[in-house]
Amino acid sequence: VVVETIADMQFDAFNKAYLIQNNNGQVYYAKSLSNSAPDGTWTFSIDIMGAEDASERTHNPVQQQLVNNLCTTWLIQTPTPWSWDGWNDDIGWFSLSLVRGHQMTGNTNFLNAAEYGFNFAFGRGWDTNYNNGGIWEQQPANLPAGQAPEKEPLSNDSLLQTVCMIYQSTGDTNYLNRALQIYSWVRTNLVNPSNGQVYNNIYTNGTINTSVNLYNQGTFVDCANLLHNITGQQMYYNDALNAVK
């Protein structure tokens, strides 16, 4: 007998309210209860990661198939190239949901798209002219007039999680080296390693916004945990534990 947990009931209710299959067989989440249009691009990616969380927890073949259908539909609705999106954290969420989908389903289309996304965002976003590295949150060329460019945990951590998982899936040490490179920069510039506080962003003049946001703490924990799992090095475990605390 399988007894539904609260998490199961919540996920079932979410799917009942928002999950749609159209006449073309595409499966996606709606924008809202009153708008059945696809919840596109990065928000759809976050929706997919909710489904991936459920599949990761239960290992239910039905949920695994849902992940496959969602990622397949996402790629149909958001084909490459993704150069129209100047936000590197968006590319990170795209790619992270897809590489997780690959790890759960074995679908190589998802892995190929995740590799494209990481290489594209890192290639345009990693900048050494300011702050000795780091990935722009939004590409400076895409910024509104008068808005200062900056680098945030979200752009770096989403792509760092992605490249860690690409390494897990491919064994290509070039991806591991990129992961170590990004992590080192984040830890040096946006983290207080003594207490685990993750800062909000750094500007080109070196000024750091030290405000605290839960999502920055959480994405950094994910990154540190992944690198501890991959390398076994105690530093990453300690960083994750401090950030949780």
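User: Within what distance do the axes of α4 and α6 come, and at roughly what angle do they cross?

Analyst: This is a predicted model, in which local features need pLDDT of at least 70 and side-chain atom pairs count only at pLDDT 80 or more, while totals for chains, interfaces and linings use all residues. Residues are numbered from 1 along each chain as its sequence is written, and side-chain values use heavy atoms, with hydrogens and water left out. The axes of α4 and α6 come within 8 Å and cross at roughly 25°. An axis is a line fitted to C-alpha atoms, for helices over the stretch in contact, and the angle, from 0 to 180 degrees, is taken between N-to-C directions.

User: What makes α4 roughly parallel to α6?

Analyst: Angles under 35 degrees count as roughly parallel, over 145 as roughly antiparallel, 65 to 115 as roughly perpendicular, and the rest as oblique. The axes of α4 and α6 cross at roughly 25°, and that makes α4 roughly parallel to α6. Their crossing is left-handed, a term used if the near helix is turned anticlockwise from the far one by less than a right angle (right-handed if clockwise).

User: Which residues of α4 meet α6, and how do they divide by class?

Analyst: Contact means heavy atoms within 4.5 Å, and among the α4 residues that meet α6 are Asn88, Trp93, Leu96 and Arg100, while the α6 side includes Leu154, Gln161 and Met165. The residues of this contact of α4 with α6 divide into 8 nonpolar, 11 polar and 2 charged. Here Ala, Val, Leu, Ile, Met, Phe, Trp, Tyr, Cys and Pro count as nonpolar, Asp, Glu, Lys and Arg as charged, and the others, Gly among them, as polar.

User: How do you know whether α4 is parallel or antiparallel to α5?

Analyst: Helix α4 (residues 88–105) and helix α5 (residues 108–125) pack at an angle of about 155°, with their axes 8 Å apart. That angle makes α4 roughly antiparallel to α5. By class, the contact of α4 with α5 has 9 nonpolar, 8 polar and 1 charged residues.

User: Why is α5 called oblique to α7?

Analyst: Helix α5 and helix α7 (residues 173–190) pack at an angle of about 45°, with their axes 13 Å apart. That value makes α5 oblique to α7. In this contact, Glu115, Phe118, Asn119 and Phe122 in α5 meet Tyr175, Arg178, Gln181 and Ile182 in α7.

User: What lines the largest cavity, and what does the word cavity require?

Analyst: On a 1 Å grid over the protein atoms alone, a cavity is a set of points where a 1.4 Å probe fits but cannot get out, whereas a pocket is an open set with protein on both sides within 12 Å along at least five of seven lines; lining residues have an atom within 4 Å of a point. The whole structure has 1 cavity of 30 Å³ or more, and Trp87, Glu137, Gln138, Leu143, Gln147, Pro149 and Glu150 line the largest cavity.

User: How much space lies in the largest pocket, and which element gives the most to its lining?

Analyst: About 380 Å³ of space lies in the largest pocket. Of the 17 residues that line this pocket, the closest to its centre are Met49, Leu96, Arg100, Gln161 and Asp222. The element α8 gives the most to the lining, with 7 residues, and the lining residues divide into 8 nonpolar, 5 polar and 4 charged.

Methods: Helix = DSSP H or I, 4+ residues; strand = E, 2+ residues; numbered from the N terminus. Points joined across faces, edges and corners; volume = space filled by probe spheres on them.
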